[in-house]
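Let's take a friendly look at some side-chain contacts and a patch of surface. Have the viewer ready and follow along.

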Amino acid sequence: MIETKNLVSGLLRSIHKSQMQIDVLERAKVIKIDSEYGSVRWPVVTLSDKTSLQARLLIGADGGSSQVRRFAGIDTYGTEYGQYGLAATLCLDQLNETAFQRFLPTGPVAILPFPGGFANLIWSTGPDQLQLLKSVSDELFAALVNAAFRLSPAELEYFNDLVRSGAADGPVIEEVLWRLDVYAQNSASSAASKVVLPPRVAAAMPKSRLSFPLRMRMVDSLVSDRVALVGDAGHVMHPLAGQGLNMGLEDVQCLVETLEQAVLSGQDIGIQAVLERYNKQRYMRNLAMQGVVDKIWHVFGTDVGSIAKMRSLAMNGLDSFSIAKRLLLKTMMV
Amino acid sequence: MLRQLATRTGPRSSQHLRRAFFSQQPLNAPDLSTETSPSVNQDELDKFRHISASWWDAQGPFKYLHTMNHARTRYIRDRLMDLGILTRNQQEERPLAIDVGCGGGLATEALGRLGLSALGIDAAQENVSAARAHLSTADPLLAPHVHYRRMTSEQAVAENLGPFSCVTSLEVIEHVEHPTDFVRSLVDLAAPGAPIFLSTMNRSAVAWLVDILVPEYILGSVPKGTHRLETFVPPDELRDILRAAGAETIDVRGLVLDPLANRCHVVDRHWGPFSNVGVQANYILCAVKNK
């Protein structure tokens, strides 16, 4: 797990170190994109500082609601999960390098490690609980996160009801902490329990809670006339498997290789024949990964008993079958 | 304010060089009449006149020429790097290249993209016009580094053009009237130590099969009568012609087209104990003019 600002500053540092002539334009937004200027039919990007840039190839790396994709007229389709992701920065009570995820009936909740005992929380849930989780105090929020990884769905629903009925923060926090204590004693006494739990959340960073709608969006193509899409611009999906960044990195690697081949053979890097080679290699792979993640969401999002039993059986089986587990990790973690 | 972003792989022409190059041959140098030039075979020329509109149609009659051009260009780039004419870093001056029999400019534009300053010449006005039209609309950043003129290589020699750091004539020699004189004019255009690239087809049963029978009579991907077996030149014959003209052949490789994957492979001439297996049909040759 890495924060965007660290990723960006790392990229900037490597640009400054490299001998390549790369211009970075800061504090400028894209105002509009045109398909030609004069007689030259190359995309033209107009920036907020009135600069216009025209290039053989425009790469859209501008996220899920990509402006470049809209300009290129590439259609998208997919589903809204009717859920939101709530992100927050947490301070844990001990150092941690492991990611944890629990599938609740309301949606998966995950803790992803940052260095220095910090962590990133992604809690997927419906609009009602989202509003509630965003409105409570930082202290109660931290207690609810601890509860979400340990207590039963019924208990979590009970806390929601308490907050909704207008109970003061203090008594609710006490109630949560008491039940967590009971849980800790129970699990300590039952030797059979081998549930691995994340470290306790000591505090939630003030004003760090942000939410975004969860959706899956597929594109008709990753390329069009002098346009190539990479990353979320070309595929939006549920964050539950954390595959969005991995797929984006694979897109970039593949596009760079394709363009390098074209340059070495003296080709125009913006023509369809070149870009189609990139699309051919990435399109189906991305679609397959989006499909897999969507299936995981459906399988883990259901309450139906028989599916839940199958799911537990499969996960436990996977856990004890170390070759399959390693193979899966290798596929998912690039 | 409009900025056109260049890919920074190739060097830019320095102002100095451009002046030097074009003081000898101004941008508006007139196209020449080529009918009486000794290397011109009117029948051969007419074949290309009629399809000159299709040069840049990647699905048209030149589909596989596009594919082959990518492989040829990579080969040329590798040899230019070996010979130190192109370097990995940006160069102050673009080396001069001439592409003789440029057709629609497929190879000429590619040479420009590799970082050379390329002049494409062709005997047919239709080809030169098609090449110019494509250049002006397709790539304004490349346009300053690529030029076309209607003329033959003999006329270029007579005008004292050059000397060029790279001379190419790809898939042309099988269409000219006097191959020996034609090759001599190519060598005359090259600077001492500069490479001359020639690609053509071997005079063999395999070449007849893959370059005439299949494309012209079975698949119909190339117009009937485009090629005649007797005009194909075996690599050893071409090596002797080049040697007589003052250039030593340093490398010969086969060009093998895979029409199903639409890819073209550069293969070695000899495969273990089987000599000349790689150059049974299409091949590309690199010769260096004696110093």
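This is a predicted model: local features need pLDDT of at least 70, side-chain atom pairs count only at pLDDT 80 or more; totals for chains, interfaces and linings use all residues.

## Aromatic pairs

Over all chains, the structure holds four aromatic pairs. One of them joins W123(A) and F141(A) in a tilted arrangement, with 6.5 Å from centre to centre and 35 degrees between the planes. This pair links distant parts of the chain: W123(A) belongs to strand β8 (residues 118-125) of chain A, while F141(A) sits in helix α4 (residues 138-150) of chain A, 18 residues apart. Both W123(A) and F141(A) are buried.

For another of the pairs, turn to chain B, where W55(B) and F62(B) are stacked, at 4.0 Å centre to centre and with 5 degrees between the planes. W55(B) counts as buried because its relative accessible area is 7%, under the 20% cut-off. F62(B) is likewise buried, with a relative accessible area of 7%.

## A nonpolar patch on the surface

Now for the outside. Which residues form a nonpolar patch on the surface? They are I2(A), L7(A), V8(A), L11(A), L245(A) and L249(A), and together they have about 530 Å² of accessible area.

Two helices of chain A, α1 (4-17) and α7 (244-264), each supply at least two residues of this patch. Helix α1(A) gives the most, with three residues. L11(A), one of the patch residues, lies in helix α1 of chain A.

Terms used:
Residues are numbered from 1 along each chain as its sequence is written. Chains are lettered from A and ligands numbered from 1 in the order in which they are written. Side-chain values use heavy atoms; hydrogens and water are left out. Patches are made of residues with over 30% relative accessible area and no salt bridge: like charges are joined within 9 Å, nonpolar side chains (Val, Leu, Ile, Met, Phe, Trp, Tyr) within 5 Å. Accessible areas come from the Shrake-Rupley method with a 1.4 Å probe; for residues, only the protein chains shown count as cover. A salt bridge is a side-chain nitrogen of Lys or Arg within 4 Å of a carboxyl oxygen of Asp or Glu. Helices (H or I, at least four residues) and strands (E, at least two) are DSSP runs, numbered from the N terminus. Rings of Phe, Tyr and Trp (its six-membered ring) pair if their centres lie within 6.5 Å; planes under 30 degrees apart count as stacked, over 60 as edge-to-face and the rest as tilted. Buried means under 20% relative accessible area, exposed over 50%, partly exposed in between (1.4 Å probe, protein chains only).
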